[in-house]
Amino acid sequence: MTRVLIIADMEGVTGLERYEQCVRRHPEYAEGVRLLCREIDVIADSALSSGARTVSVIDWHGGGGNIDRDQLDARVDVVAEDLAPGYDLAMLIGFHPMAGDPNGFISHTMRQGLAVEASDRQIGELSLLSWWLGEHGVPVGLISGDRAATAEADRLLPDTPCHTVKRAESWGRASCVPAEQSYEALRTRVARVLEQRERWTVYRPPAPVRFQLKLRDPNPIPGLIPWLNEDADGWLAGEVPHARDLIDLIDVVSALINLQHRNEFIEALAEDPALRAKIDEARNDRVALAMEQGYWKP
Ligand SMILES: [Zn+2]
């Protein structure tokens with residue numbers, strides 16, 4: 001009785017052909033969400049009709065919060081980034097290739113402008129996630145995404161079947177296999193994966209995980225972490241016990257850099273009197289609205 005875990009990214013789902021569809025607050029994002037939910041539904045439905053006992057999904061894109069429960073099959077559980085509940089099989093769905101892949105759709109690794117190396121080669125999110133799953137003994141049964149993502153999987157995770165749903169035309173544009181054809185093929189794939197237990201592969205990372213990180217735009221923040229060593233080319237080297245620690249480290253570094261950028265942005269605004277006035281005006285409007293609606297009293 002198989003408990004299936006889908007880890008769903010967004011860039012590599014069927015039908016999604018434009019970068020803007022992956023960006024929260026962009027008008028095209030709603031369509032991206034619809035495509036993400038539809039893909040999860042197709043895979044979950046096929047898994048459940050092929051004998052899976054449960055299907056759970058981790059919403060991986062941009063830290064989660066993309067999946068709209070109302071658009072999702074009620075049998076699918078949206079779960080936290082935690083493998084403690086225990087899963088028998090994982091599928092990595094809707095992925096993009098690692099940073100710097102010139103043939104990929106929205107190539108990146110966790111954030112724009114970051115390269116990650118481990119075990120003396122460059123790796124991307126597919127490797128990081130497969131290793132994290134491997135540490136918990138969870139095999140990877142299927143990987144899907146654009147052509148460059150599945151080529152990366154063929155190279156780095158060679159024992160797992162892959163399914164290609166699109167090709168990149170440029171970094172931010174892709175052309176997809178017609179949706180219904182793609183969903184039909186995914187259904188068949190998933191059913192076959194559930195049958196072929198002998199092809200499920202556990203990817204255990206080297207322990208400890210020795211890694212190097214490099215930011216395209218030089219930034220002082222990672223250098224503040226005392227156990228990272230910076231070389232002359234700007235690579236930061238370190239060692240962590242588990243793959244999950246490396247994912248967490250990248251998340252933390254990323255959050256700190258975003259915070260720094262936000263602070264710089266606010267300072268730049270404060271120095272521009274015209275913009276400053278606009279912000280004050282907008283804030284006053286919001287305060288007035290809040291007072292009007294009874295949420296706030298000065
Ligand atoms: Zn993503």
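A residue counts as buried when its relative accessible area is under 20%, as exposed when over 50%, and as partly exposed in between, using a 1.4 Å probe and protein chains only. At 2%, Asp-9 is therefore buried, and Glu-11 is buried too, with 4%.

Before going on, please note that this is a predicted model, where local features need pLDDT of at least 70, side-chain atom pairs count only at pLDDT 80 or more, and totals for chains, interfaces and linings use all residues. Residues are numbered from 1 along each chain as its sequence is written, and side-chain values use heavy atoms, leaving out hydrogens and water.

Now for the domains, whose bounds come from an automatic or database domain assignment.

| Domain | Residues |
|---|---|
| domain 1 | 2-199 |
| domain 2 | 206-298 |

Their C-alpha centres lie 26 Å apart. Where the domains meet, 17 residues of domain 1 are in contact (heavy atoms within 4.5 Å) with 22 residues of domain 2. One salt bridge is found across this interface, a salt bridge being a side-chain nitrogen of Lys or Arg within 4 Å of a carboxyl oxygen of Asp or Glu.
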